[in-house]
Amino acid sequence: GSTLEIKNLHVSIEGKEILKGVNLTIKGGEFHAVMGPNGTGKSTLASAIMGHPKYEVTEGSVLLDGEDVLEMEVDERARAGLFLAMQYPSEISGVTTSDFLRSAINARREEGDEIPLMKFIKGLDADLDFLEIDQNMATRYLNEGFSGGEKKRNEILQLMQIKPDIAILDEIDSGLDIDALKVVSKGINKMRSENFGCLIITHYQRLLNYITPDHVHVMMQGRVVKSGGPELAQRLEAEGYDWIKEELGIED
Ligand code: ADP
Ligand code: MG
Ligand code: MG
């Protein structure tokens, strides 16, 4: 499995420091959850790692198997094995889901070793079935006119098809009804292997009723302020975040 190391990461947006030294290490085989109140920088962490131009890294590093991710072009990050599901996925006009997936799969393979078309179609059909996605979604333009729930299911379809080494899923649960939440969780759980590590960002504990993380981290004011096991998420569900603020002497 691969290892993603986030070390002392400081990130600013338009000159304002949002992340103030984040440390996290995610290894193949591990599921990590990052929780925290709104506006604490969870999405900023995801966007900075994937190289969104608005997010300026002022200090620290992000390494994938020792390679400097922040030095890579955005498409290189994906080829190196990173996957990011954004809180608000964008629409890609003119590119069907099927074409997008096939080129994303091939981008991770050696030249001349492209996935055979029949193999691709069989795998895609199987994953569409598994995620209870209508077959015709594959021929629609990526995310164009998709409902919120369809976008999230499509992100998990991408995850299952592209099979990254490390994935960062930002609020993959937001806006999902319970049936969609179960399907999305089923897809993420199916990815579990020594060759796959995952960072699950969520505001709510609800998702973690279906996906059991190995590690839970709480982010506040741009830092990871507490880490623990699954029981930490349950305590947050029951008691909210105030006890952590008190414990650490954080003011609102
Ligand atoms: P979370 O995901 O934990 O809710 P965010 O990372 O979205 O938090 O936001 C952290 C802080 O950064 C907030 O104060 C937010 O207003 C600010 N912020 C996030 N993205 C932008 C942006 N593109 N432009 C300006 N400010 C931003
Ligand atoms: Mg938010
Ligand atoms: Mg967010």
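1. Two strands count as paired when DSSP finds at least two bridges between them. With that in hand, the sheet here is open, with 4 strands in the order β2-β1-β4-β5 and antiparallel pairing. (Strands are DSSP runs of E, at least two residues; helices are runs of H or I, at least four residues; both are numbered from the N terminus.) β2 (16–27) and β5 (67–68) are the edge strands, each pairing on one side only.

2. Before going on: this is a predicted model, where local features need pLDDT of at least 70 and side-chain atom pairs count only at pLDDT 80 or more, while totals for chains, interfaces and linings use all residues. Residues are numbered from 1 along each chain as its sequence is written, and chains are lettered from A and ligands numbered from 1 in the order in which they are written.

3. Now the ligand. Ligand 1 has around it I13, E14, I18, G36, N38, G39, T40, G41, K42, S43, T44 and K54 (a residue is near if its C-beta atom, placed from the backbone, lies within 6 Å). By class that shell has 2 nonpolar, 7 polar and 3 charged residues. Nonpolar means Ala, Val, Leu, Ile, Met, Phe, Trp, Tyr, Cys and Pro; charged means Asp, Glu, Lys and Arg; the others, Gly among them, are polar.

4. Helix α1 (residues 42–50) gives the most to that shell, with 3 residues. α1 is also mostly covered, as 7 of its 9 residues are buried (20 or more other C-beta atoms within 10 Å of its own; exposed is 12 or fewer, partly exposed in between; C-beta atoms are placed from the backbone). K42 and T44 are among the buried ones. After α1 comes G51, with a positive phi near 90°.

5. α5 (residues 148–162) and α6 pack at about 10°, axes 9 Å apart. So they are roughly parallel to each other (under 35 degrees; over 145 is roughly antiparallel, 65 to 115 roughly perpendicular, the rest oblique). Axes are lines fitted to C-alpha atoms over the stretch in contact, and angles run from 0 to 180 degrees between N-to-C directions.

6. Finally, M191 sits in the loop between α6 (178–190) and β8 (197–201). M191 is partly exposed because 17 other C-beta atoms lie within 10 Å. Leaving out residues up to four places away in sequence, M191 touches L159, M160 and F196 (contact means C-beta atoms, placed from the backbone, within 7 Å).

Definitions and conventions
Two residues are in contact if their C-beta atoms, placed from the backbone, lie within 7 Å.
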